[in-house]
Amino acid sequence: MVRLRALAAALVLLSIVGAVPAALVQWGVSPLRLGGLLRPDDGSAVLGGLTLVAWVAWLAFTVSVLVEAVNVLGRRPVAVRVPLLGGMQSLAGTLVITALSAGVVQPLASAHAATAPSPGATVFDDETTGSDAPATDTRYLVRPGDDLWSIAEQLLGDGAKWRLLADANPALLADPTLDLTAGVRLAVPEVASPSRQPGIDASEQSRPSPGVQPLTVVVERGDTLSGLAKEHLGDTGKWPAIFRANREQIKDPDRIDIGWKLVVPGRRSAAPAPGQGRPVRKPAQPTGAQPTSAQPTGNPPTPAPGQPSAQSTPRATAPPDVAWPLIGGLSGAAAAMILAGVGAGRLDQLRVRPVGRRISHPPVDVRQYETALGRRQRPDTTALLEVALRALGRHAQTTGIPLPHPRLVLLDAAGVTFEWAQAPATAPPKGFTGEGNRWRLSQRTAGELPSSAHPVPFPALVTIGRDDDGRWLMIDLEDRSPLALDGSRPLRHAAAAAMAVELSCSPWACELGLTVVGGDEMFVRAACPELVRYHADPAGALPALTTLIDERSADESPTVLLRVDPDRSEAGAAHIVIVADDLDPDTRRRFGDLLGDPDLGVGGVIAGPGDRALVLAGDDDHPRARLDPEGVELRAHLIPAHTRAAIGTIFAATDAPAESPAPWWSDADNVRALAPRRESVRLDEREPEVVDHPYLRLLGPIDLLGAAGPAPTRARRQCEEYCGWLLENPRSVATQMASALVVAETTRRSNMSRLRSWLGSDAAGAPYLPEAYSGRIALHPAVESDWRRIQVLTAPGLNRLAPESLIGVLELVRGAPLADAAPGQWRWAEELRTDMTSLIRDAGVLLVRWAVRNNDLDVARWAAARALLAAPEDELLLVERINTEVLAGNTAEVQRLVRWVTGQARALGVDLAPETVDACQRAMEGRPRSRAAH
C-alpha cells in the first residue's frame, strides 16, 4: 500500500512539475505576444492573464517541492520555510514525503525501527519528574501502528500539523505515514494538551495548556457527533475529529450509544461556560485506581540470553509478544491463577443469577486485558507446581521428616526444580529425580502421579522474575522473612501487587492468610479474596500480627509437620504480611522482629533496603531485579499500574450482583406462554439442521459447517475463532480486530486469508468473506451460527415464547457453549459464553416449569437434561429436576438429586439458596420446615 501511494504521489509531482510547463507552452498565450491594449480584444487578453497566473503558481509549487525535498533528504532538524508559501509548501511536502516513502525514507525507517528508542527521540524514565523534558512539552508514548499523521490528528486536532511533532522530535523521520517505534516517548508541543488521551502517561495529565483542551465526555440521550462537535469545538463540521479520536469504539459515525466515553480532541478554550447555553460536561473518569487507556503501550520484552534475538531470527519465526503492552512480563502461571480467580467469581455469579437477569461484565476498554491474560496463561505450569507441592506434602507426612525450605524454585516448560537450602534427609519421592539439594519433577512424570488434595508444605511460594535462561524463579517468603523490597515506590507497588494476587489466587494456598499494608488498595480489595486483610496504616496490622505470633510461639509442634497433616493443617497454616510503603525506623524494626522466625509459619515482605532483599530497578517496560544475598539478576515479575487498574476492574465486575435485565427477556405484561399444540411437541424426531451456507456451531463443540472451500491444514481453530468474532463484531476494522483478539497483525492477516479460502463463495460467486476494500470487515449475510438462530428465536423475549419455540431453542444445544475452546483462545468471548449459558438455563427452567404444570414428565426431563448440558451444575435447574421426580413419585431419584445438590454446595463451600433448601425439604420431608416469624 505504501508503494502504491508513493507511485501515485510521484505521478502527481511529475505531472505538475513537468507536464504543466509543456501544456502552458503548447496552449497558453504569452502576455508578450498580445497586440497592445488598443486592439479589439478577441479573448487573448484573458487567456494571457490566466497563463501568467498559471506560470506563477507553477513556479511557487516547484520551489516548494525543491525546498521540501531538501528538508526530507537532508533530514533537517528544523524545516526550511518559504515566506508566503505556507499552504503550497504543506501540499508539496505531503506529496514529496509520500513519493519518497517507498524508496528513500522506507530504508531509513527500517533502520530507525531496529533501534528502539531512537537516539534523538525524547525518552523519559517513569520516575522522571519532568526536569529532563522541555519546559513547554508534554509526552506521548507511541503505540503499535502509530504514525506522525495519526498522532497529530489525535493530539493536535489536524493530521496536517504533523510537522509540529517532527520539529519537537528532530530525530524522527519526516514521513507522517510511516509507523513509529512502539514504546518511544515523544515530546509533544504545548498546544497539544493530551488530556486523557490514550498512550500519554497518566502521571503527566495534570499540566493544562492554554490553547487546546481535549477532554472525555459521556454520551447522553439525543447526542450526535455533529452535536458534540458544535458544543465542544464550535462547529458541527468538525465531527470527523471526534470520530477519528474514537475509531476503536465508534463503528458507525451515525450511531453512538448512551454511556459511551468519547474523547473530544482540540476543544477550544472559548467553549460555552457553565450557565451559558448547555452546561459544559465534566471529563469522565475511567474505573480503576488511575486513568487508563484501552490499549496501554510499552516496549516488547528483550529476549533473555540463550533465546533467539530479533536480529538473529526472522520475523516470521519470532512473532512479537502482543500481550506485552497490556500485561507486561506477567508470568504464564500468574496469569492462569488470576483467570482462575476470575472464573470462580463468574461461577458464583451464574449460580445465584435470577431468571431473566444478566451477570455484569467489565467495561469494553478493559476486556482486552482479560484476552491478553488468556493468551499468556500457562495452566499446565500451575497444575504441575500444584502436583509437585502436594506430592512433597504427602512425602513429608509419610516419612515424618520435615523438608528443608527451598532456596529457589525454578519453573520451565519441561518441569519444576526445587533447590533446597540444605540437602533433605530423605530420598526424593516417587516421580521426582535428582539428589542432594536439587530435586526435579518433569511434566512427563507428573502425569503418572495420582491426583491428590494433600496439604502443601510451602504455600508461600511467589514468583519474583525470570532469569537469563528463561526460567521463572520462585522463592518461599517464609524462609526469607523478612524479605526487603527495595526500589522506587511504583515498582514496589507493582511487585507487591503481583505477590498478593498470586498468593490469594494460587490453588494450593487456600488456607493461607494474607495481610497487605499500603500499596495499591483498590487493586488488593478488588483482586484478592475477602480473607485478605488490607491496612492502609501499618499501626492497624501490628496488634493482630502480635497476637498471631504469640499463639504460634506457645505451640511447640513443628509448623512444617503440622501443615502437611490433613487433620491439623489449619493449625500450621501460613500467614504472609506484605508491607509495600515506607515505614519509620521504629515500626520497621517491630515488623522485622515479628517476622523473623521462619519456624512459626509467619513471614513477610517489608519495603526498604536489607541484607535479604529483592532489589528493583528500571521501569514498567524494562523492570529488573536482583535477589540478595545471592546476587541473582532477573527480569522482575510485577503488575504495572494500568494492568492493575484493569485486573481490579475485572475482579470487581465478578462481585456485582446480576441486576440488569437480560436482552433475551421481556418485561412486558403479556408474557404468558401459549398452550402447545400437542402434535408439535415431539422429542423423538428432531429435524436435522439445514446448512446451505457457512454455519458456525458454538453451543457445544465448535465446528464450522457448510464452507465452500477446503478446510485449512493449520490454524483451523483460530480461523473458527475469527469467524465467531466477525459474526459478533460486523463491519469492524483490522486494528479493532487485532486489538480485541490480542494477536499480531501478521498473524491476523494470515488467518484471515485461510478463513477466506475456507469459506469460499456462494452459488453466485460472491465471497463469504469479501476483501475489506472500504476498511470495514464483514461476512456475507448468509453466514450464520446456532447462537444467531437462537437470538432470532428469542427476539420477542424468552418468557413470551410458546413451548414449541422453547423446544426449538434447546434443540440447538449440543453441550456447554464453546465446549472445546483451547486455553488462550476465545477469551474475548467470555461475555458471549456466559450469555449463552444463561439464556439456555432460563429456557430450560421455563420449559420444565410449564411441563410440570401440565404433567408432561417427558418434556420436563428432556428440557432439564438439555439445559444441564450447557449449565451442568446449575442449582435452579437441579431444583426443577427434583420437582419433576417428585411429581413422578420417583423417590430414589429424588434422594439422589438432593444428595447431589447438597454435596455440591459443600464441595464448593457455598450456601444453598433459601428456595433450594425449601425444595429439598419439601422433596424429602413433604413440606418445608417451619421458621419463626420475624
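**Helix packing and strand pairing**

In the predicted model, Ala 333, Ala 336 and Met 337 of helix H9 meet Pro 379, Thr 381 and Thr 382 of helix H11. Sorted by class, the residues in this contact of H9 with H11 comprise four nonpolar and two polar ones, with no charged residue. Helix H9 spans residues 332-351 and helix H11 spans residues 379-399; their axes come within 7 Å and cross at roughly 90°. Angles of 65 to 115 degrees count as roughly perpendicular, and H9 and H11 are therefore roughly perpendicular to each other.

Strand pairing was examined in two regions. Strands of a sheet pair through backbone hydrogen bonds, in either a parallel or an antiparallel manner. Strand E8 (residues 432-435) and strand E9 (residues 438-442) run antiparallel and are joined by four bridges. Glu 435 stands opposite Arg 438 of E9. The hairpin formed by E8 and E9 has two residues between the strands, and Gly 436 adopts a positive phi near 65° there.

Another region contains an open sheet of three strands, in the order E22-E21-E23 and with mixed pairing. Strands E22 (703-705) and E23 (784-785) stand at the edges of this sheet; each has a single partner strand, so one side of each is left without a neighbour in the sheet. Strand E21 (residues 695-697) runs antiparallel to E22, and three bridges join the two. Within this pairing, Asp 703 in E22 is the bridge partner of Arg 697.

Terms used:
Residues are numbered from 1 along each chain as its sequence is written. This is a predicted model: local features need pLDDT of at least 70, side-chain atom pairs count only at pLDDT 80 or more; totals for chains, interfaces and linings use all residues. Side-chain values use heavy atoms; hydrogens and water are left out. Axes are lines fitted to C-alpha atoms, for helices over the stretch in contact, and angles run from 0 to 180 degrees between N-to-C directions. Angles under 35 degrees count as roughly parallel, over 145 as roughly antiparallel, 65 to 115 as roughly perpendicular and the rest as oblique. Contact means heavy atoms within 4.5 Å. Ala, Val, Leu, Ile, Met, Phe, Trp, Tyr, Cys and Pro count as nonpolar, Asp, Glu, Lys and Arg as charged, and the others, Gly among them, as polar. Two strands pair if DSSP finds at least two bridges between them.
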